[in-house]
Amino acid sequence: MSDEQLESVNKPQPGSPTHSGGTGRAPLPAKPWNGWQRFGVTCLVFVLLMSLFIGLSHITAIDTDLGPDDQSIRTVSNDTSVSFESNGSTLPGTGTYQVETISDYIDLVQPSTGAVQHAHILVRVPQGVAESGNTADAQLASDSADSSSSSSSNSSTSAADSTVSKLPAKLPGAVYMHGAGYGTADNSFGDVAYDLASAGFVTLTVDKPVWGTTDVNRDYPGSAHAYDQCVQYLRNLTYVDSAKVGLYATSESCWIAPYVIKEDGDIAFQVLLSPLVYNPRNALGFFVTQDFAIVGANPGYQRIVERVFSADIAMFGLSNVDFNAQLPESYSVPTFVAYGSKDVMTPQVQGATTILQMAHASGNWDVTIRNYPIGNHVLRIGDEAEEGTVLVDHYETDYVDWAVGTTRGLDQTTPRVAGATIRQSIAVPTDLTAHRGATIYGVMIHALQIIALLVLIVCLVIAAIKHIINRRHGKGKALGYSRQFRQLLLVSFLCTFGSLLLFFGAMGQNIYRLVKLVWGSAPTAPGMIWWSWYAIQIICAIIVFVWAGVFTSGIEVLRLHGFIRRPGSPRRPKAPEVHDETPFALTTLGRVTAVTCMVEILLILLVLAFWGLFIY
């Protein structure tokens with residue numbers, strides 16, 4: 001063998017233990033990190049993970065403008081009464097005539113589907129008119145008549161007053177329209193429908209037209225058609241003046257009334273009780289945000305409202321949330337608007353301003369606004385969830401007096417805007433719109449989180465069964481985790497899942513308090529709905545730090561195996577401290593269960609990030 005061949009044989013080859021990229025020295029095995037190095041890498045990984053979750057929270061954030069704050073409209077007078085120039089004669093008022101009730105049924109048709117609802121109706125009319133068909137036969141109420149059927153029997157108009165102006169040959173009428181829920185002809189509007197009938201009107205209450213819909217997918221244009229059928233029913237009565245039939249709408253039905261007026265074209269007047277004015281997305285976004293603040297919810301929970309009401313629910317076939325609720329032509333008729341100062345749902349300042357603008361744009365200046373200082377959303381006193389709550393003082397008298405004078409074409413002598421100062425705490429989030437991308441992402445991670453949880457439950461059930469079988473046959477554990485890994489996995493999952501439960505529990509508490517507030521209850525100390533937000537944030541940060549430690553351990557193992565190195569440097573040999581015979585789980589079921597659990601933890605953190613837990 002020549003000297004050149006011998007030198008070639010003895011020369012270290014690339015990749016051999018003695019090759020070091022030209023240095024002539026073999027690379028040494030990587031050494032394990034010390035405590036400070038491991039802590040530093042853990043902190044770096046923690047910052048990266050937190051940046052990921054914070055970034056996702058920012059991407060899904062919906063920032064809307066809720067200003068200006070504390071808007072108000074000062075009224076001309078605190079006196080809410082309504083009076084007209086009547087040339088010395090006394091106009092009929094609440095309690096002037098005895099009232100009889102006629103029960104009947106009507107088939108309400110849903111135009112879009114052709115569905116028919118066989119609805120019960122109650123027609124209230126001054127006694128003696130329906131039987132004879134002559135308004136001259138209407139019977140005045142006697143001083144000793146039972147007044148229990150009307151909450152306003154102490155009317156300022158004496159029942160036996162002989163100076164009361166005579167009823168016209170045909171009577172005006174009114175159809176009463178339901179708010180949210182499932183009201184019937186029997187349990188809704190009994191007091192106010194009786195009051196108006198006792199002043200010389202024919203009133204009609206009907207089972208709410210719902211067909212197969214719910215509050216979520218309510219058919220507003222279809223409901224408008226159904227109520228207009230009721231208007232036509234009144235017009236067909238021989239003793240009703242077909243040109244003087246109006247609407248009494250409350251809350252949700254104030255979204256429907258504009259479409260009744262548009263479809264009918266001949267509505268004489270409208271009474272709007274707590275009109276929401278704006279479309280459901282903006283109106284509901286306003287009232288939930290405001291009410292969360294009133295009940296003392298953490299600002300983080302308040303910001304969640306924007307994410308909820310920015311959902312693109314049209315993807316699921318629910319399109320009425322963005323329907324056009326503002327039809328200026330629907331305010332071309334005489335309008336009476338009533339608010340309650342304790343109403344926590346209605347944007348009163350912007351609502352009143354918008355109504356006036358639309359009415360004036362339609363050439364109508366006959367708009368009367370009253371704000372009652374102790375009334376809630378439906379102008380009741382106290383908790384409306386309890387039966388027998390009464391309407392606020394003077395409201396029944398005021399709206400009846402307005403309807404009587406308006407239908408007789410008289411000139412109003414009292415201020416158009418009166419009562420308590422009209423106030424509004426925040427602005428309506430009119431820039432709140434549907435965000436399809438965020439909706440798809442939110443639905444996806446929530447669905448995956450539920451699926452992962454179900455898979456985890458199945459794995460645990462199988463593991464429990466297998467564990468029992470193995471114990472009977474003297475075999476090993478079903479999962480085969482080391483004690484340290486089992487404790488880490490269990491504590492991490494319980495803390496993360498507990499945070500999710502605490503989050504949804506606090507949201508449930510927020511909603512419960514909101515409902516109580518809407519029904520008239522006073523807010524209580526915030527408690528859980530305040531501190532739970534910060535508690536969840538702290539727990540989430542701890543969980544992320546723990547998993548940063550897990551990632552750090554994984555990085556160190558890869559480094560000790562020689563898989564992680566600087567670019568261009570040779571691969572180091574495996575460190576002698578590394579042993580492969582003890583994986584984190586000894587069984588396939590154990591590995592599947594562990595991976596599923598870790599995926600579930602990650603998805604829970606993503607869900608919490610979606611709702612803004614990492615930024616607010």
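At what angle do helix H5 and helix H6 pack, and how far apart are their axes? In this predicted model, H5 covers residues 220-235 and H6 covers residues 257-264; the two pack at an angle of about 60°, and their axes are 9 Å apart. H5 and H6 are therefore oblique to each other. Their crossing is right-handed. On the H5 side the residues that meet H6 are Ala224, His225, Tyr227, Asp228, Val231, Gln232 and Arg235, and on the H6 side they are Tyr259, Val260, Glu263 and Asp264. Sorted by class, this contact of H5 with H6 holds five nonpolar, two polar and four charged residues.

Next comes the sheet. It is an open sheet of nine strands with mixed pairing, and its order is E2-E3-E5-E4-E6-E7-E8-E9-E10. At the edges lie strand E2 (99-109) and strand E10 (417-419), each of which pairs on one side only. On average, and ignoring direction, neighbouring strands of this sheet are turned by 20° against each other. Strands of a sheet pair through backbone hydrogen bonds, either parallel or antiparallel. Strand E9 (residues 367-372) and E10 run parallel and are joined by three bridges. Isoleucine 369 has valine 417 in E10 as its bridge partner.

H5 lies across E2, strand E3 (116-126), strand E4 (171-177), strand E5 (202-206) and strand E6 (240-250), and runs at about 135° to E2. H6 packs on the sheet as well, touching E4, E6 and strand E7 (270-273), with its direction at about 160° to that of E6.

The model has 24 aromatic pairs, counting rings whose centres lie within 6.5 Å. One of them joins phenylalanine 201 and phenylalanine 269: the ring centres are 6.3 Å apart and the planes stand at 90°, so the pair is edge-to-face. This pair links distant parts of the chain, 68 residues apart: phenylalanine 201 is in the loop between helix H4 (190-197) and E5, while phenylalanine 269 is in the loop between H6 and E7.

Two details of the backbone can be looked up in loops. The peptide bond from glycine 67 to proline 68 is cis, and its omega is near 5°. Proline 68 has its place in the loop between helix H2 (35-59) and strand E1 (71-73). Valine 277 is not a glycine, yet it has a positive phi of about 65°. Valine 277 is found in the loop between E7 and helix H7 (280-294).

A further helix pair remains. Helix H12 (residues 483-518) and helix H14 (residues 588-610) have axes that come within 10 Å and cross at roughly 30°. Angles under 35 degrees count as roughly parallel, and H12 and H14 are therefore roughly parallel to each other. The crossing in which H12 passes H14 is left-handed. From H12, the contact is made by Phe485, Leu489, Ser492, Phe493, Thr496, Phe497, Ser499, Leu500 and Phe503. From H14, it is made by Ala594, Cys597, Met598, Glu600, Ile601, Ile604, Leu605, Val607 and Leu608. By class, the contact of H12 with H14 has 14 nonpolar, three polar and one charged residues.

Note on methods
Residues numbered from 1 in each chain as written. Predicted model: local features only at pLDDT ≥ 70, side-chain atom pairs only at ≥ 80, totals over all residues. Heavy atoms only, no water. Axes fitted to C-alpha atoms, helices over the stretch in contact; angles between N-to-C directions. Helix = DSSP H or I, 4+ residues; strand = E, 2+ residues; numbered from the N terminus. Parallel < 35°, antiparallel > 145°, perpendicular 65-115°, else oblique. Left-handed = near helix turned anticlockwise from the far one by under 90°. Contact = heavy atoms within 4.5 Å. Nonpolar A, V, L, I, M, F, W, Y, C, P; charged D, E, K, R; others polar. Pairing = 2+ DSSP bridges. Phe/Tyr/Trp six-rings, centres within 6.5 Å; stacked < 30°, edge-to-face > 60°.
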